[in-house]
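Q: I have a structure open and would like to go through a few parts of it. Can we start with how far to trust it?

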Amino acid sequence: MLPLDDPVQVFAIVMAIVLIAPLVFERLRIPGIIGLIVAGILIGPYTFNILQREGPLELLGEVGLLYIMFVAGLEIDLNQFMRQRSHSLVFGMLTFFIPLILGTAMGWYTLGMRLPAAVLLATMFSSHTLMTYPIASRLGLAKVRSVTTGIGGTLLTDTAALLVLAVIAGMTVGEIDAWFWTRMLTLMTVYVLGVFWMLPRTARWFFRYMDPDGATEYMFVLTAVFLCSWLAHVAGLEPIIGAFLAGLLLNRLIPERSVLMNRIQFVGNSLFIPFFLVTVGMLVNLRLLAAGWTVWKFAIAMLGCAIASKWIAAVITRVVLRYDRYEGHLIFGLSVNQAAATLAAVMVGYRLEIFDESILTGTIFMIMGTCFLGPWVTQNAARRVALMAEREPYNPGDAPQRILVPLANPETAQILMSLACMLRSRQSKEPVYPLTAILEGGDTEARVAAGEKLLGNALVSAIAANVPVVPVTRVDINVASAIISAIRDYRISTVVVGWNGENYSRQRIFGRVLDTLVEQSRQMLIVARSDSPLNTTQRVIMALPPLAERHVGLETGVRTVKVLAHQIGARLVVVSTPETLDNIQPLLEQSHPQMDVETMTLHAWNTLPSFLKGHLREGDLTVLMGVRKGRLAWQPALDRLPSSFCRELPGHDFLVFYLPESRLDEEYGMPVPVSGSTAAHLLPPERTRLDLDGMTLEETVRILLQGTFGSLPDVLDRLAQRLVVIGREEPVELAPGAVLLHTHTENVAAPAVHLAVNRSGFDMPQATQPPQVLLVLLSPRNQPPALHLQVLAMIARWIRRPKTIETICKARDFNDLPPLTPPSPAATAPTETSQPALAED
């Protein structure tokens, strides 16, 4: 009757083990992985002989091993891996050479082996299997530096160990010659270059153009993994190397929080990986312990050397890289497990008669000992590292987000929900809120039913990605009102909404509904114009307008864009003016997640569409940082950008981020001291002209500057030309009807404000309406930026006071003007005259 060979019985027994064994052992506070291995020992051919390892179980076990290596490559943080590749190199070299040296010495001196046999024995100690990686992954540690270092080191040491195995095997059969080396290196090079070139391009084309469903996507991934594994075997490498490379190359195309990733992890953790662990246990033969002292000697020596060498490598790695003690323990727990590569080495040696049955038996017990020790060490160390991560100082990026996704178009609902899931923190307990807004009318019930059907589809896709969802339906007389009321009622922090790219009014940015949402909301608003799957994105181009660094919500916006780029595995490129790039560089470097950021310099903001048209390529996603009206960084050109993009870059995907808002005082800097008197030294009567009706912009600027720079005609011409260009291309519209032109110059020693009124309005195409009030601010070139921004803040507050513009336009002389508060006594120190102090040439 035994062993059982009926497929239904075999599968039923193994599935029962997969269900029960981890539950029992975890109740005993023993890692569930050990329970699966123990169960494999008990049902295996050497104990109760319930099942035989050969056949389907062996096949599924091999699939499980490849699956572990694939998932390890898929979940690794490539940005951190590239930044810390030296860490992986250090650990990989140590965990390869230390066991190789100690193992060779033990085999040569202690066990009396010949040198080739001793070196082959040592390769079994150098290699290891990431059998305990699922423990770290389940605790959310897949992307911490110690796990990344351990995975990278595993790739290096396993590759080196298997290459040594191939060389020793070739020496044994007498094949080590020039042809052997040429063939091996050629096949390896062709394989690696071919896989690196072909797989990412094929996968990106498949995901972008084939529009596959969930099952088809998963089958494509499995095909790629096992095809890469088979080709690695053909090239003379172990299949586990091919599976790991497949994971690395698909890493950027399968976001961490996506439906496909959830399917991959679910199938692996519930089926393939448990089968592998059970088949590892079935290799253990407890009866060999009674075979005599020789078996015990080999087993103890091999187990001791494997544990000691991996421990020494982990300790030295921890000291060299300055890791915490428990991070060192975690690296040891990940690297001490001997299974797949070890079995490959011992079976090759056994077939070639380099090893006898004593080495084979000792190897089995070494595997058994390390497979018991590794999970226990990993479980305890991983818990400690996870607790340390929880106790780290609060990071605003970890704050839970409440994301609202208004849905109206079934064709874009999937993309919007995917975007929301990618922006959601993995540690967040908050759900995503898909919303349908229904207009009141005669057929309200039918439209509610259609909206609920749309919500049902969104609900299914989000749950498949393991993201909680709370569907919301609102009936209102206005769509924008329905969305805004939902934002208020559910305390939403981020809104993700789609746009079809159509705008039928030049006075609007997107359209009536979205413009109302921009104006009346203060939360982060993300407007998406995207038709392609986000996971096929290769670069995220973030465009920042001038003075964006003064927006208090910029940190949140930059962090969100970095999270998105990190999730989809894309490179991040920031485009802005030189001054803005310099000011935001510390923010780009310090904000989480850590990743390399490229920059491109834009010399004129209004040329952004044409600039990007010459630099964008297929697979790019542009993120425009929008600014709401009334903010310091706002300018009319920003409102025209979305339509310009649709017109000049048709078919190109982009997002518009409107940053979260706060009080103006926080945006403009430190509070300015309040004074009830007119700022005579900042805006004296001599720099105020209230009678320039009908004048052009150039004439007005020259008249304003004449009183200060009349004796310096060259300076007057240069400043006038600069200010006129600013007025035509990049004016700062403080409010409808009032425009500010500001620049730095070495020809003044203190800030100087000029005011002109033209009741017929200046011809300035970039303004929303012809401005009647023109303000010119000249600041010293060497003035601290904080003082310059304080003056800007004071002017902005002054203009935005109720009826200020109306009062200025009605004023007949200087005394009729509303008072302007100076920034501080130090900013504009009194001088002997009311003229701004001229800097010495």
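A: This is a predicted model, in which local features need pLDDT of at least 70 and side-chain atom pairs count only at pLDDT 80 or more, while totals for chains, interfaces and linings use all residues. Residues are numbered from 1 along each chain as its sequence is written, and side-chain values use heavy atoms, without hydrogens and water. The mean pLDDT (the predictor's confidence in each residue, from 0 to 100) is 80 for the protein, with 88% of its residues at 70 or more.

Q: Where is pLDDT below 50?
A: Residues 663–680 are one such stretch, with 43 contacts (heavy atoms within 4.5 Å) beyond near neighbours in sequence. Residues 822–841 also stay under 50. Where pLDDT is low, the predicted coordinates should not be read in detail.

Q: New topic: is Arg474 buried or exposed?
A: Arg474 counts as buried, because its relative accessibility is 18% (buried is under 20% relative accessible area, exposed over 50%, partly exposed in between, with a 1.4 Å probe and protein chains only).

Q: Which side chain does Arg474 have a polar contact with?
A: The side chain of Asp489, at 2.9 Å. A polar contact is a pair of N or O atoms within 3.5 Å; within protein, one must be able to donate a hydrogen and the other to accept it, and residues adjacent in sequence count only if both atoms are side-chain atoms.

Q: What else does Arg474 touch?
A: Not counting residues up to four places away in sequence, Arg474 touches residues including Leu435, Ile438, Ser485 and Tyr490.
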